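Please keep the sequence and the model in view while reading.

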Amino acid sequence: MSDMHDHDHGHDYHNAPLSEPAQRVKALESLLVEKGLVDPQLLDQLIDTYERKIGPRNGARVIAHAWVDGEYRKRLFENAAKAIEELGYPPGPQGEHMMVVENTPRVHNLVVCTLCSCYPWSVLGLPPVWYKSPAYRARAVIDPRGLLKEFGVDVGDKEVRVWDSSSEMRYVVMPERPAGTEGWSEDELAELVTRDSMIGTAVVKAPARRARSESRAAG
Amino acid sequence: MSPKSTEELVAAARARVPEAIFSEPWEARAFAVAVALCESGCFPWAEFQQSLIDEIREAEGAGRAAPGGADYYHRWLGALTRLLAAKGIVGAAELEARIAVVGPPPPPQDPRQGQTK
C-alpha cells in the first residue's frame, strides 16, 4: 500500500505528529520545491551555515583587528560593510548597510531594533531570543540605563546612545579595549570580545593575568 | 531548573553555542526558506522585513505576542506566507489545501494508512 503522506522526504521531520506551524512550513516548502523556487539541500546548507559558521566569532575578529590596526579601524568606521567583507565575511541579506559605533570613556552605545529584529547577521549571526522580545525592544528606548543595569552593565555617568536598527542600517558596537591588554595578539583579543559586548548589553572585561598566560602557552 | 532532554543537550553541545538559535526544526526551515527566496530574487529583503514588521505590529497590538519573544518565528512564518500570497507565489487557498495533504497527524488508534480524508 502506498503512503500518500510521503513521510520520508523531509530531512528534519520525524514521524511524530507535526505542530500546526510545522505543518504549514512543510506544506509551504513542498509547494515551493514543486514550483522550482527552493532546493531542499540549499535550505539544509543555509541552516548549517547560520547554526554553525556565522556567529559572533566573526564580529570578535573584526573588533580585535580594528583594535590593533589603526588603518583598518579607520576603514571600518568609514565603510563598515566593506571593511568587514575584507576579513572574509560577505554581507548577506542583513549586512549591506552597517555602521560601527564606538564605545568611549564618555559614551556607551546600545543597539536595538524597535520594529522587528534587524541585526548584523554577517558579524553576529542570528540574534538571541531576548533581542527579538517585545520587552527588550521597548525598554531599550524607554529606559536604557535600567535595562543595562539588568544586564549587569553600570554605565555610571556616561552618555548612553541607543541605535535603532532598521532595513536601512544595522549597527555594531565597538567595545572599549580593556586596559592591560597592550601587546596582546589579535587572537587573544578576539577571545575577549563577546556577542553581547557588540550589542552593547555587556562590556569587554579586563582579563585575569592567568587567562592570558594560558592562552599564550596554548597559542 | 527544568531538566533538558538528552537530545537538546547533545544538539546544544554540537552547535557549541550557549543558546539554541532555533528552538524547533520548523523555525530553521521557515528561516531558510525566506533567505533562499530572497537570494534567488523572489523578493528583496526589505519587502520581507516590512512584512515581518507588519506581522509583529499586529500581533503586539492584539496582545498575542509573548513578552520574551519565544513566538518570534510564528511572526516570521506569518510574514513569509503573507508576502508569498501578496506576490501571487503561493496563494492562501493553495497553501491550506497542501497543509491538508502533508500536515494533519494521523488519528490515534487508526491502523489504516494513506487515508486522505
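1. The model is a predicted one. Its largest nonpolar core holds 82 residues, and those that touch the most other members are A:Ile63, B:Ala30, B:Ala32, B:Val33, B:Ala34, B:Trp76 and B:Leu80. The element that gives the most to this core is H2(B), with 10 residues.

2. A single residue of that group may be followed further. Once residues up to four places away in sequence are left out of the count, B:Leu80 touches B:Ala30, B:Val33 and B:Ala34.

3. The next point concerns a pair of helices. The axes of H2(B) and H4(B) come within 10 Å of each other and cross at roughly 40°. H2(B) is therefore oblique to H4(B), since the class of roughly parallel is kept for angles under 35 degrees. The crossing of the two helices, H2(B) and H4(B), is left-handed.

4. Which residues bring H2(B) and H4(B) together? From H2(B) come B:Glu27, B:Ala30, B:Phe31, B:Val33 and B:Ala34, and they meet B:Tyr73, B:Trp76, B:Leu77 and B:Leu80 in H4(B). Sorted by class, the contact of H2(B) with H4(B) has 8 nonpolar residues, no polar residues and 1 charged residue.

5. Is B:Glu27 buried or exposed? B:Glu27 counts as buried because it has 21 C-beta neighbours inside 10 Å, and the cut-off for a buried residue is 20 or more. With its neighbours within four places in sequence set aside, B:Glu27 is in contact with B:Phe22 and B:Tyr73. As for B:Glu47, it stands 20 residues from B:Glu27 in sequence and 20 Å from B:Glu27 in space, C-alpha to C-alpha.

6. The last point turns to the two chains. In chain B, 45 residues are in contact with 44 residues of chain A. On the side of chain B that touches chain A, at least two residues come from each of helix H2 (25–39), helix H3 (45–61), helix H4 (72–86) and helix H5 (92–102). H2(B) gives the most to this side, with 11 residues. By class, the side of chain B that touches chain A has 29 nonpolar, 10 polar and 6 charged residues.

Key: Residues are numbered from 1 along each chain as its sequence is written. Chains are lettered from A and ligands numbered from 1 in the order in which they are written. This is a predicted model: local features need pLDDT of at least 70, side-chain atom pairs count only at pLDDT 80 or more; totals for chains, interfaces and linings use all residues. Two residues are in contact if their C-beta atoms, placed from the backbone, lie within 7 Å. Helices (H or I, at least four residues) and strands (E, at least two) are DSSP runs, numbered from the N terminus. Ala, Val, Leu, Ile, Met, Phe, Trp, Tyr, Cys and Pro count as nonpolar, Asp, Glu, Lys and Arg as charged, and the others, Gly among them, as polar. Axes are lines fitted to C-alpha atoms, for helices over the stretch in contact, and angles run from 0 to 180 degrees between N-to-C directions. Angles under 35 degrees count as roughly parallel, over 145 as roughly antiparallel, 65 to 115 as roughly perpendicular and the rest as oblique. A crossing is left-handed if the near helix is turned anticlockwise from the far one by less than a right angle, and right-handed if clockwise. A nonpolar core is a set of buried Ala, Val, Leu, Ile, Met, Phe, Trp, Tyr and Cys residues joined through C-beta atoms within 7 Å. A residue is buried if 20 or more other C-beta atoms lie within 10 Å of its own, exposed if 12 or fewer, and partly exposed in between; C-beta atoms are placed from the backbone.
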